[in-house]
Amino acid sequence: MSTQVLSETNAEPEVKTKRSKHINLSRMRKTFSVKPLALGVASVMLSACGAEREEAKIYTSIDDCKQDYPDALEKCEAAYKTAAEEALRTSPRFNSEYDCEYEFGPNQCRNVNANGGSFFMPFMAGYMVSSLLSPNRYYSQPLYTSSSYNSPFRSRWITADGHVFDGDIRKRNYRVSKDQLKPKPTVNRTMKRGGFGSSVRAKSSWGSSSRKGGWGG
């Protein structure tokens, strides 16, 4: 299934997708091509130390969500759409395709024209949703990964603001804090090669991946 949803408040962006949007996770370490994303479904739980967390499961397609939740087809599709819209708003932006692929790997970036500007951003590799079946609001956010040997998050899930989840991309179940599910800052400026990876490394050294701020501008 190849569904791509993009939206902008002031204008509908023109997205130039050069290559396939499907991901074969079993061949990830050799080649990387993006599949239409992932979903996570969660319920509120308490950890042993008493901190409130959400349990989330990551999917790599809308159909996977529908298989787990056949009675919630519309919510699966809506959660995908929300994550895709968030990706356009919050994804790291690069000056050139080369700079983007340096961080995320060959064939993993697309050109976007929006509001009179042009930039490159990585394809989403997955997305995470908490409380999908809750009568209240659920939370959905895009996830990314990299096949680049230059990347500190190679073959791992990462959020738009640089939080790297433990384990590799084969891990699909997480207990995450509510802070990690909050909307990420809007990105209004581009960065150069290595900028995203440097931020990830800095956050790791601080030991505070949930630290606010970043490259929202």
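A disulfide is identified here as a pair of cysteine sulfur atoms within 2.5 Å. A disulfide is a covalent bond between the sulfur atoms of two cysteines. By this criterion, the structure contains two disulfides. The model is predicted: local features require pLDDT of at least 70, side-chain atom pairs are counted only at pLDDT 80 or more, and totals for chains, interfaces and linings use all residues. Residues are numbered from 1 along each chain as its sequence is written, and side-chain values use heavy atoms, with hydrogens and water left out.

The protein chain comprises four helices and eight strands. Helices (H or I, at least four residues) and strands (E, at least two) are DSSP runs, numbered from the N terminus. Along the sequence these elements follow the pattern β-β-β-α-α-α-β-β-β-β-β-α. Of the 217 residues in the protein chain, 48% are buried. In this classification, buried means under 20% relative accessible area, exposed means over 50%, and partly exposed lies in between (1.4 Å probe, protein chains only).

The link of Cys-100 and Cys-109 is left-handed, with -85° about the S-S bond. Cys-100 counts as buried because its relative accessibility is 0%. Cys-109 is likewise buried, with a relative accessible area of 2%.

Strand β4 spans residues 109-114 and is mostly covered, five of its six residues being buried. Strand β4 runs antiparallel to strand β5 (residues 117-122), and six bridges join the two. Two strands are taken to pair if DSSP finds at least two bridges between them. Within this pairing, Arg-110 stands opposite Met-121 in β5. The two strands form a hairpin with two residues between them, and Asn-115 in the turn has a positive phi of about 55°. In a regular strand the side chains alternate between the two faces of the sheet.

Eight salt bridges are found in a search of the whole structure. A salt bridge is a side-chain nitrogen of Lys or Arg within 4 Å of a carboxyl oxygen of Asp or Glu. In one of them, the side chains of Lys-171 and Asp-166 meet with an N to O distance of 3.3 Å. Lys-171 is partly exposed because its relative accessible area is 31%, and Asp-166 counts as partly exposed at 43% relative accessibility. Asp-168 forms a salt bridge with Arg-170, in which the closest N and O atoms are 2.5 Å apart. Asp-168 counts as buried at 17% relative accessibility, whereas Arg-170 counts as exposed at 68%. A salt bridge also connects Asp-179 with Lys-182, the closest N and O atoms being 3.0 Å apart. Asp-179, at 45% relative accessibility, counts as partly exposed, and Lys-182 is partly exposed with a relative accessible area of 44%.

Arg-93 lies in the loop between α2 and α3 (97-104). Its relative accessibility is 13%, and therefore Arg-93 counts as buried. A polar atom of the side chain of Arg-93 lies 3.3 Å from the backbone oxygen of Leu-88. A polar contact is a pair of N or O atoms within 3.5 Å; within protein, one must be able to donate a hydrogen and the other to accept it, and residues adjacent in sequence count only if both atoms are side-chain atoms.

The second largest pocket holds about 180 Å³ of space. Among the 13 residues that line this pocket, the closest to its centre are Thr-82, Glu-86, Arg-137, Ser-140 and Pro-183. The elements that give two or more residues to its lining are α2 and β7 (139-143). Strand β7 provides the largest share of the lining, four residues. A pocket is defined on a 1 Å grid over the protein atoms alone, as an open set of points where a 1.4 Å probe fits, with protein on both sides within 12 Å along at least five of seven lines; lining residues have an atom within 4 Å of a point. Grid points are joined across faces, edges and corners, and a volume is the space filled by probe spheres set on the points.
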